[in-house]
Amino acid sequence: NSEEYHHLKREVFSHDEYYFETDNPNPVIIDAGAHIGLTTLYFKSLYPHATIIALEPNPDLFKLLEKNIWENQLENVTTIQGALSYTRSTTEFFVDSTKNQWWSTGSFIKGAWTKQQESQAIQVDTWPLSEFVTQPIDVLKLDIEGAEQAVLEASQDALPLIDQILMEYHSVKQQNLYYLSEILKQQGYTLSYAQDGKELT
């Protein structure tokens, strides 16, 4: 819907919430939770020669993702219709079933990660992160609605190949921010935290 689109557009393009710097002029990026492709477009505006793997499980969003990549003539972008999880499987994924169609709230959790939404289950394919980390990755972007800890915990062996992680953390009972932070610290990452686009100290 229009409200959702403009909200996401402001986050990505006005607030630069996914801005990153790298010395590699041809970075390799995984865009997990690619939605309709706003972050993919943003990454390509930063680094036109980037190679991007864009994953999106919602079939309606996936069609728009592919359309936006095609119409903007983006090269070196591979699209995957599916979600990151802890294992290779097919599983239930819950999407908004209200008239508002909040497509960005798709989740493995019924009712969205807030549990305050009417939702319906669809079947989606899932992959562990490690299947896509077969070479050095400059940036991993994660906006996966409450599956962050399960994904990173299951693929810890792949993390040394990932230089930077841009992650939206969702506070659900299946996750613990302190525990997740410790996983990343043990892999040598320096962490910074932001809320509503403002860095926390």
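Q: What makes E4, E6 and E5 an open sheet, and what is the strand order?
A: The three strands lie in the order E4-E6-E5 with mixed pairing, where strands are DSSP runs of E of at least two residues, numbered from the N terminus, and two strands pair if DSSP finds at least two bridges between them. Strand E4 (83-85) and strand E5 (89-96) each pair on one side only and are therefore the edge strands. This is a predicted model, in which local features need pLDDT of at least 70, side-chain atom pairs count only at pLDDT 80 or more, and totals for chains, interfaces and linings use all residues. Residues are numbered from 1 along each chain as its sequence is written, and side-chain values use heavy atoms, with hydrogens and water left out.

Q: How do you know that E4 pairs with E6?
A: Three bridges join E4 to strand E6 (residues 119-128), and the two run parallel.

Q: Why are H1 and H2 called roughly parallel?
A: The axes of helix H1 (residues 2-14) and helix H2 (residues 38-46) cross at roughly 25° and come within 10 Å. Angles under 35 degrees count as roughly parallel, so H1 and H2 are roughly parallel to each other.

Q: Which residues make the contact between H1 and H2?
A: With contact meaning heavy atoms within 4.5 Å, Tyr5, Leu8, Lys9, Val12 and Phe13 of H1 meet Leu38, Thr39, Leu41 and Tyr42 of H2. These divide into seven nonpolar, one polar and one charged.

How values were computed
Helix = DSSP H or I, 4+ residues; strand = E, 2+ residues; numbered from the N terminus. Axes fitted to C-alpha atoms, helices over the stretch in contact; angles between N-to-C directions. Parallel < 35°, antiparallel > 145°, perpendicular 65-115°, else oblique. Nonpolar A, V, L, I, M, F, W, Y, C, P; charged D, E, K, R; others polar.
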